[in-house]
Amino acid sequence: DSGDTCRWRSNPPITFPEVATLERVPTISHVGVQQGWSASAKYRDRYLASVSARGTTANWAQINPPDMVDGRMFTDQEARTASRVIVINTVAAERLFSGEPAEGKEINLESVGSSRGGPFRVIGVYKDATGFLSGPERPIVVMPILSLSRHLGARVQWMGLVIKPAEGVSPDVAMDDVTAALRGARGLRPSRESNFAIVTQDRLLEVYNSVFGMFFLVMISLSSVGLMVGGVGVVAIMLISVTERTREIGVRKALGATKGTILWQFLVEAVTLTATGAMIGLALGWVVALLVKNLTPIAASVPPLAVVAALGMSAITGIVFGMMPALKASKLDPVEAL
């Protein structure tokens, strides 16, 4: 990619003096620093070749409170002195300690691609808020960002900021104040374009909606094709049924059955056929959802509304595609049918 298509590559890195400048903005409550790195972890004979090491400031708990299972977060004093303390997620705790208490134990972390690293003391365990877009669960260790830089050799010029507006301040106002403060700190003239990017939750939500909107359209298209194929199958089965039961239809008409009675009989059979298929599909879907829920972090389930919608669509499909064979059966001449 060139500089024209990826202008962010030419942006100067965020610096700690700029972080201090943003912390003095009155409309900002907290400014958190985050940096990701790759490392390996070892505890006794247990070894994890790939661990996501994350460096943050001590106000991580105020900006995005973690779900602490055990222990505590690191303090501001530990963050300023680059202490060798870490908070790990439940995945790392399970793989390294196999159910043993993790708090107080020391693990060896080593930066991937270099020999930087050493012992770190576990002071807390938290549970990840995983979801569909989070990907598979992976071990994570969180430490002060100065510890990540000093002990693991992480490049702090790749760090990003997470900014939380003060109470009662709208995100737009806070974003304008951050933009003005950062442009002033970098000495940018009004005619120059900002050499930094601000990503808001609204923008992330737009990306989320666009991805899932396309996913929704694809699923609707596939479902429509499936309904059409199933409907053609219903027509074929019901036409065969009418052909094989021509004498039965003739007998019923000879005994006084009306067109409406014959029509209703075959429509009920078509709806019963599609509803049976829907119930089989729902049972398979429930089993898949149960497996996904138990084997992955995704909280999959079959909502009652989906059951009602599936049975309703199956009934409509049976009526629509069973109408032609039912009409054919109801219009048979009793003499010819016999």
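In this structure, G32 has V162 of β8 as its bridge partner. That pairing is a handy way into a predicted model, in which local features need pLDDT of at least 70, side-chain atom pairs count only at pLDDT 80 or more, and totals for chains, interfaces and linings use all residues. Residues are numbered from 1 along each chain as its sequence is written, and side-chain values use heavy atoms, with hydrogens and water left out. Helices (H or I, at least four residues) and strands (E, at least two) are DSSP runs numbered from the N terminus.

**Strand β1 and its partners**

- Strands count as paired if DSSP finds at least two bridges between them.
- With β8, strand β1 forms an antiparallel pair over six bridges.
- Strand β2 (residues 46-56) also runs antiparallel to β1, and nine bridges join them.
- Within β2, R54 is the bridge partner of G36.
- The hairpin of β1 and β2 has two residues between the strands, and R44 there takes a positive phi near 55°.
- Four bridges link β1 to β5 (residues 106-111), again in the antiparallel sense.
- Here K42 has N108 in β5 as its bridge partner.

- Helix α1 (residues 16-23) has E18, V19 and L22 as its buried residues, where buried means under 20% relative accessible area, exposed over 50% and partly exposed in between (1.4 Å probe, protein chains only).
- These residues lie on the same side of α1 because they cover an arc of only 105° around the axis, taken from the directions from the helix axis to the C-beta atoms.
- The buried residues of α1 pack against β1 (28-43), β8 (160-165) and α6 (171-185), with contact meaning heavy atoms within 4.5 Å.
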